[in-house]
Amino acid sequence: MDFLKSIVSQVKQHDVGKKKRALEEAAGAPPAADASSAPAPKRKKYLSRGELERLAAQEAAAAAAAAAAAATAAASSSPSSPAVGSSKRSPSPTRSRGGGRSTPAPPAAADDPDASAVPEIPADEVVRRLRARGHPIRLFGESDAARIARLRTAEAELADETRHKGQRNEYAKQLARTEAGLALEILQRSGASGMGSDAASSSGAAASDPASDAAAAAAADDTASGPGTGATGATGGGVYKPEYDVTQLSGSLLATDPDKCFVLVYVYLRRMLDVWDLELAARPDRVKRGVAGKHEYTKFVQTKENLRPFFKLLKRKAVENDVMEKIADILKYVQQREYVMANDYYLRLSIGNAPWPIGVTMVGIHERSAREKIFSNQVAHVLNDETQRKWIQSIKRIMTFAQQKFPPDDHAKLVG
């Protein structure tokens, strides 16, 4: 029965479709497609990548054509500059064979066809940026657009070099400057010895250098008195006054007399730099020219340069109290040759002892139980900025030099 019913319904549907098509043909309308014969086309919801690229290319071509048409219209509508002299007059319109005047010839194209493609930059800005990169501000016969294009090329090349170069190695650069300085010193000595006689040069080489002797004597005095506590210095100047008693340095001095604490820290670090400089100057030439000697001098020069921002902060008394307290304690233990304690305070200053939260720190409305243990004096100050990291590392180098120059009586107090 169901099969017969389905056949009857199909026949009826076919008859209804035939009647509709007959009525539409009689009315003059185009016949509608039969739903049973052909399914209706589905509407596309998405576009393929090729279709998107084709549409983007068409839009770009249309925009380029519009820009070219606008540039041509602007060039044709702009008035031409007045001609000077009879030889530079604009060409007269040509005559046609019929006697009438034809349209005038189109104006000549500009000398720089890519002038419209280069973005406009003020002239003073172009000059400043070219000078900053070491390029001439204008070449012979160069237009403004060509100069801007040259600036863009120079900036792109500099960006590529910087990207491929990566992080700069300041220590390697300073080592190269040290080697160049030693080579220059050798040339100067050879030139000075060539001006004298062979006997004088040989006797001068055999004799000891007075500056080296003075440096060795000053270093011996410092060794006898203690690290950085000498009363006189060859290059220190005012930091060797008797009223500067650096043995009073401690973290508690910052609370009682902060001005004196800032001054004593500055004085002690300057004295240690002077002792280090004298120690390097007293070395023989064969040690200076060796690999280890070059590296030692490079460390000294880099330490001296990195401590300059810290010295400026000390003069302005702009160092944080918690940082200053730890530095004073470090220098106090260095003077006492307690290098293990000094290294302990250095670790507190550099990386701190703040608890690092691991996992979920806040799961509700209440704080963690160890939250109150995180104070400002437990923060890793070496990670604040690059300049501060450098002068804190320089203090560590001074500690290492003091341990080598002034070793303790007990080897258990040595670090490393």
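Within helix H3, which spans residues 123-132, the buried positions are Val 126, Val 127, Arg 129 and Leu 130. These assignments, like the others reported here, come from a predicted model. Residues three or four places apart on an α-helix point the same way, because the helix has 3.6 residues a turn.

A nonpolar patch was found on the surface, made up of Phe 3, Leu 4, Ile 7 and Val 11. Together these side chains contribute about 400 Å² of accessible area.

Rolling a probe the size of a water molecule over the atoms shows where empty space is left. A search of the whole structure returned one cavity of 30 Å³ or more. The volume of the largest cavity is about 70 Å³. Its lining consists of Leu 182, Glu 185, Ile 186, Arg 189, Asp 285, Lys 288 and Arg 289. Two helices, H5 (170-195) and H10 (285-288), each provide at least two of the lining residues. The greatest contribution to the lining is that of H5, with four residues. Classified by side chain, the lining of the largest cavity comprises five charged and two nonpolar residues, with no polar ones.

Key:
Residues are numbered from 1 along each chain as its sequence is written. This is a predicted model: local features need pLDDT of at least 70, side-chain atom pairs count only at pLDDT 80 or more; totals for chains, interfaces and linings use all residues. Side-chain values use heavy atoms; hydrogens and water are left out. Buried means under 20% relative accessible area, exposed over 50%, partly exposed in between (1.4 Å probe, protein chains only). Patches are made of residues with over 30% relative accessible area and no salt bridge: like charges are joined within 9 Å, nonpolar side chains (Val, Leu, Ile, Met, Phe, Trp, Tyr) within 5 Å. Accessible areas come from the Shrake-Rupley method with a 1.4 Å probe; for residues, only the protein chains shown count as cover. A salt bridge is a side-chain nitrogen of Lys or Arg within 4 Å of a carboxyl oxygen of Asp or Glu. On a 1 Å grid over the protein atoms alone, a cavity is a set of points where a 1.4 Å probe fits but cannot get out, and a pocket is an open set with protein on both sides within 12 Å along at least five of seven lines; lining residues have an atom within 4 Å of a point. Grid points are joined across faces, edges and corners, and a volume is the space filled by probe spheres set on the points. Ala, Val, Leu, Ile, Met, Phe, Trp, Tyr, Cys and Pro count as nonpolar, Asp, Glu, Lys and Arg as charged, and the others, Gly among them, as polar.
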